[in-house]
Amino acid sequence: MSIGFIGLGQMGGRMVKNLLRNGREAVVYDVFEGSVAQAVSAGASRADTVAEVGERCSTVITMLPSSPHVTEVYLDADGLVARATPETLFIDSSTIDPATSRKVHEAAGEKGAVMLDAPVSGGVGGAEAGTLTFMVGGAETTLDRAKPVLMDMGANIFHCGGPGTGEVAKLCNNLAMAVQMVGTAEALNMGENLGMDTKVLANIMNTSTSRCWSGDTYNPAPGVLDGVPASRGYEGGFASALMEKDLYLAMDAARDSGSAIPAGAQAHALYSLMKAQGHGDLDFGAVFMLLKGDLRR
């Protein structure tokens, strides 16, 4: 039976290709024809509508930009839930707010279908290599059913708890990642302004107590690491606009839970500024250039 896949952007397009490489058949849909054409050229089958995906596939994966997109794809009259049966498994790998995720879980359950929220970590590189980490919310029995499919796209699976907890884990992870990126960028910029060689300083930090993923794996300063967005003008990678969206969701969740996130709020302000200045398409490591004053409209 084919696996449905809706949302073929930077992440989804690579994830579906790993399904195909592992011998799966896939039925794909995206609003951008070019993304569909790339998946079809890799061996996928085209669907013309969301409804068609739901009708042809008993397992459907979605990787969508935001909560409104997820609501539309699942809950519209022509959406996935309307086509669900007791045999249907939904896996939503979008990063959205936990409340929306739980609402979709509930709607799917009313049709007898089962669902997991399964956002990912690992970025475009992990999606390409099939080494993503899945943070999964939903019933453990549903996860047991989904594991073979998830392992075709990833290397690690964590069961976080009930519906929506995968999204909770993802927002917490991205909150910490954004704060680490801003802190790394601030330190490297200050060191450079004080006459330090940026690569030397980065090497010191990456073997010292400030070591983190944003420094040793995804460094934001050009010339420090090869193969990262900073080495190619911040093209590709994880868009600053998406980081701003995730931090907005984290701030909403913090308000709802009474959690103080002052550093996260400052990081959100920086990424909001980048987006407002027209740099939302650049990788989130470009905050280094914002701090240097070298981003231009």
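How exposed is Arg 83? With a relative accessible area of 26%, Arg 83 is partly exposed, a class that lies between buried (under 20% relative accessible area) and exposed (over 50%), using a 1.4 Å probe and protein chains only. The model is predicted, so local features need pLDDT of at least 70 and side-chain atom pairs count only at pLDDT 80 or more, while totals for chains, interfaces and linings use all residues. Residues are numbered from 1 along each chain as its sequence is written, and side-chain values use heavy atoms, with hydrogens and water left out.

Let's stay with Arg 83 and meet its partner. Glu 55 forms a salt bridge with Arg 83, their closest N and O atoms being 3.4 Å apart; the term asks for a side-chain nitrogen of Lys or Arg within 4 Å of a carboxyl oxygen of Asp or Glu. Glu 55 lies in helix H3 and Arg 83 in the loop between H4 and S5, so the pair ties together parts 28 residues apart in sequence. Glu 55 itself is exposed, at 54%. The whole structure holds 12 salt bridges, and Arg 14, Arg 21 and Glu 128 are linked in a network of them.

Now for the rings. Aromatic pairs join Phe, Tyr or Trp (its six-membered ring) with centres within 6.5 Å; planes under 30 degrees apart are stacked, over 60 edge-to-face and the rest tilted. The count comes to five such pairs. In one of them, Tyr 74 and Phe 90 sit edge-to-face, 5.3 Å centre to centre with 90° between the planes. Both Tyr 74 and Phe 90 are buried.

Definitions and conventions:
Helices (H or I, at least four residues) and strands (E, at least two) are DSSP runs, numbered from the N terminus.
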